[in-house]
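This report looks at one protein model, taking its salt bridges, a helix, a strand residue and a pocket in turn. Please keep the sequence and the coordinates at hand while reading.

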Amino acid sequence: MKIMIDSGHGPETKGKRSPDGRLREFHFNSQVADEAKKQLMACGHTVIFSHLPDRDVPLHERTALANRLKVDLFVSIHANAWGTAFNASNGIETFTYLNSPAQTKRLGSFIHQALLLSTGRKDRGQKQADFAVLRDTRMPAVLIECGFMTNLEELALLKSEAYRKRCARAIAFGIDCYSRN
């Protein structure tokens with residue numbers, strides 16, 4: 001299976017950082033993407049990144065690349081935020097496009113359940129949204145939120161290598177389970 005992993009936002013995307021500025025979302029996303037790629041390749045999958053380590057890749061370029069390469073799946077990894085100050089919002093969310101086909105919802109479910117089991121975080125549910133990476137791709141696509149940068153407890157987790165690896169392994173496990181069903 002050919003899988004495109006998208007590390008959410010680029011390294012310089014404004015506002016995509018913890019309220020104290022100590023974590024940029026891209027640093028979490030890209031490290032999880034790197035580990036997920038290793039795990040997926042070990043399972044025999046081909047993995048392509050839609051992001052670059054040194055510049056923000058516009059969303060239309062990411063989705064155009066996925067469509068041009070005719071990847072089988074598109075998975076966008078994120079760390080969530082609510083507002084600009086620390087607060088109590090927490091947990092895992094998985095998004096698919098509005099009225100997605102059953103296969104896309106199934107992919108989202110496999111990844112979502114794996115993340116919940118691996119992290120032990122609150123289940124914020126599987127939701128639908130009109131995000132460009134979900135709307136403009138022509139293959140099953142999901143967007144995952146692995147915790148809140150605006151929650152002190154989850155920020156500590158998002159900054160830890162162990163949590164990043166748990167998220168990556170869960171994402172890879174969910175994708176691999178989907179590919180085998």
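A salt bridge is counted here where a side-chain nitrogen of Lys or Arg lies within 4 Å of a carboxyl oxygen of Asp or Glu. On that criterion Glu35, Lys38 and Arg169 are linked in a network of salt bridges, and the structure holds 13 salt bridges. The model is a predicted one, in which local features need pLDDT of at least 70 and side-chain atom pairs count only at pLDDT 80 or more, whereas totals for chains, interfaces and linings use all residues. Residues are numbered from 1 along each chain as its sequence is written, and side-chain values use heavy atoms, with hydrogens and water left out.

**Salt bridges**

| Pair | N to O distance |
|---|---|
| Glu93 and Arg124 | 3.2 Å |
| Asp130 and Arg135 | 2.9 Å |
| Lys165 and Glu161 | 3.3 Å |

Helices (H or I, at least four residues) and strands (E, at least two) are DSSP runs, numbered from the N terminus. The bridge between Glu93 and Arg124 links distant parts of the chain, with Glu93 in strand 4 and Arg124 in strand 5 (residues 123-129), 31 residues apart. Burial is judged by relative accessible area, where buried means under 20%, exposed over 50% and partly exposed in between (1.4 Å probe, protein chains only). Glu93 is buried at 6%, while Arg124 is partly exposed at 27%. In the second pair, Asp130 has a relative accessible area of 43% and Arg135 one of 35%, and each counts as partly exposed. Lys165 and Glu161 both belong to helix 6 (residues 161-179), where they are four residues apart, about one turn of the helix; Lys165 is partly exposed at 28%, and Glu161 is exposed at 55%.

**Helix 2**

Which residues of helix 2 are buried? In this helix, which spans residues 59-69, they are Arg62, Thr63, Ala66 and Asn67. Seen down the helix axis, these buried residues fall within an arc of 125° and therefore line one face of helix 2, the arc being that of the directions from the helix axis to the C-beta atoms. The face turned away from the buried side of helix 2 carries the exposed residues His60 and Arg68. Among the elements that cover the buried residues are strand 1 (2-6), strand 3 and helix 4, with contact meaning heavy atoms within 4.5 Å. Lys70, which follows helix 2, has a positive phi, near 55°.

**Asn80 in strand 3**

Asn80 is found in strand 3 and is buried, with a relative accessible area of 9%. Leaving aside residues up to four places away in sequence, Asn80 touches Glu93, Glu145, Gly147, Phe148, Met149 and Thr150. Glu93, one of these contacts, is also the residue that forms a salt bridge with Arg124.

**The largest pocket**

A pocket is an open set of points on a 1 Å grid over the protein atoms alone, where a 1.4 Å probe fits and protein lies on both sides within 12 Å along at least five of seven lines; lining residues have an atom within 4 Å of a point. The largest pocket holds about 380 Å³ of space. Of the 27 residues that line this pocket, the closest to its centre are His9, Lys16, Glu25, Ala79 and Ala81. Strand 3 (73-80), strand 4 (92-97), helix 4 (132-135) and strand 6 (141-148) each supply at least two residues of the lining, and strand 3 gives the most, with four residues.

Terms used: Points joined across faces, edges and corners; volume = space filled by probe spheres on them.
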